[in-house]
Structures are given as structure tokens and as C-alpha cells.
Amino acid sequence: GNTNFSDLAAKIGEIAAQLSQPVLLKEVGSGFSPQDAELAIAYNIHYVDVAGSGGTSWSRVEHLRQPKKNEGRLGLTFQDWGIPTPLALEQLSPYRDRLTLIASGGIRSGVDMAKALILGASLCGIAHPFLAPAMKSADLVVELIQRMKKEFVIALFLLGVKTARDLIGNQALLL
């Protein structure tokens, strides 16, 4: 693929300005920094999936895709590179009035979802936990969704809040 990322923010901004629909920026496992947030806002982009480290490592995926004869350790060396999702959410909290944050990268349960909302996410993205069940049946995926929903609802109850909206950015619940 094209590895020339010079002026990428400006290029994304140009495309976003031409679209009638909102643009969502999604990291791919390295986290989203405050500097990234400033650029998104400057280009009138208000939706960000932080996709921090702790989830799928695309560096590791690329390592696994390497033909054996070209096997190197670069993908493994950088597999943990980036800002972990909780830290990215914490660092982006000053921007919550201008950005809608989506937490992905290491979200594995309903409890993780509750924590992500407390840290400022409005939504969560989850992939890895669904992989094994999806390989077997749709029913197992539905069961996992139902279990995660139950975990989330119990977390709300234990935190003494009634709705998910009551969690968003409510860091007093972490104390």
C-alpha cells in the first residue's frame, strides 16, 4: 500500500469538507492523542474511535502474514506500540465537548464497557471476543452479546446509576 502519510490530516480534512455526512476517524490499535484530537477538530471532524493499544495489534497481524522466508521481528517489536485505550480516553477528556469518543482496543466485557464510558467514551467497539463464537455459530455470538449486556447492566447497578448516559465522563465513579 501507499506509505506516504505526509499531510494526511489535511488530505482527510479536504475529503471530509466535501462530504455531506459526518466523518469518523478510527485509529487501528495505536491510540488517539490530544494532538490528533486538535487536528480532527481543526478539520471539523467530531467522531473519533480511539482504538488504543491493548486490542488487536495490526503490527502483530502483519508479522503473522509474513512469508516464512521473510520472517522478521518488526511486527512483534511494535505489537504493543501506542497509547492504551484507557489512557487515550483520559487524555482526550478535555475534548469531550467537541468530540464523540468511541472506545475500542482491549474492550472484552460489559465491565470494560462501563469503565470506558466512565472515562469519557460514548460508545464501545468490540471485535476479538466475538471471533471464536462467530466461527461456530450465530447463536453463540448472540449468547455473548446477551452476557456482555448483563455484565454491563450489573455494573450500572453496582455503581448506583440508572442509565449508560449517567456513566459518560463521570470519573467520580472511579474513586
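**Salt bridges, sheet and pockets of the predicted model**

A salt bridge joins the side chains of Arg147 and Glu151, with 3.1 Å between N and O; the term denotes a side-chain nitrogen of Lys or Arg within 4 Å of a carboxyl oxygen of Asp or Glu. The structure is a predicted model, in which local features need pLDDT of at least 70 and side-chain atom pairs count only at pLDDT 80 or more, whereas totals for chains, interfaces and linings use all residues. Residues are numbered from 1 along each chain as its sequence is written, and side-chain values use heavy atoms, with hydrogens and water left out.

Arg147 and Glu151 are four residues apart in helix α8 (residues 138-159), and are therefore separated by about one helical turn. Arg147 is partly exposed at a relative accessible area of 45%, and Glu151 is likewise assigned to the partly exposed class, at 22%. In this classification, buried means under 20% relative accessible area, exposed over 50%, and partly exposed in between, with a 1.4 Å probe and protein chains only.

In total, the structure holds four salt bridges. Another of them links Arg65 with Glu62, where the closest N and O atoms are 2.8 Å apart. Both residues belong to helix α3 (residues 58-65) and lie three residues apart, about one turn of the helix. Arg65 is exposed, with a relative accessible area of 59%, while Glu62 is partly exposed at 38%. A further salt bridge is formed by Asp97 and Arg98, with the closest N and O atoms 3.3 Å apart. Asp97 is exposed at 65% relative accessibility, and Arg98 is partly exposed at 37%.

The protein chain as a whole contains eight helices and four strands. Along the sequence, the elements follow the pattern α-β-α-β-α-α-α-β-α-β-α-α. The C-alpha atoms fill a box of roughly 50 × 40 × 35 Å along the principal axes. Of the 175 residues in the protein chain, 33% are buried. Among contacts between residues at least 6 apart in sequence, 56% join residues at least 24 apart, a contact being defined by heavy atoms within 4.5 Å.

The four strands form an open sheet in the order β1-β2-β3-β4, with parallel pairing. Strands β1 and β4 (123-124) stand at the edges with a single partner strand each, so one side of each is left without a neighbour in the sheet. Two strands are taken to pair if DSSP finds at least two bridges between them. Three bridges connect strand β2 (residues 47-49) with strand β3 (residues 100-103) in the parallel sense, and Tyr47 stands opposite Thr100 of β3. Strands β3 and β4, which also run parallel, are joined by two bridges; Ala103 has Cys124 in β4 as its bridge partner.

Pockets were located on a 1 Å grid over the protein atoms alone, a pocket being an open set of points where a 1.4 Å probe fits, with protein on both sides within 12 Å along at least five of seven lines; lining residues have an atom within 4 Å of a point. Grid points are joined across faces, edges and corners, and a volume is the space filled by probe spheres set on the points. The largest pocket has a volume of about 460 Å³. Its lining comprises 14 residues, of which Leu8, Ile12, Glu27, Phe32 and Asp36 lie nearest the centre. At least two lining residues come from each of α1 (8-18), β1 (24-26) and α2 (34-42). By class, this lining has eleven nonpolar, no polar and three charged residues. For this count, Ala, Val, Leu, Ile, Met, Phe, Trp, Tyr, Cys and Pro are nonpolar, Asp, Glu, Lys and Arg are charged, and the others, Gly among them, are polar.

The second largest pocket has a volume of about 350 Å³. It is lined by 21 residues, with Gly55, Thr56, Trp58, Gly105 and Ala127 nearest its centre. Helix α7 (residues 128-136) gives the most to this lining, supplying three residues. The lining of the second largest pocket divides into eight nonpolar, nine polar and four charged residues.
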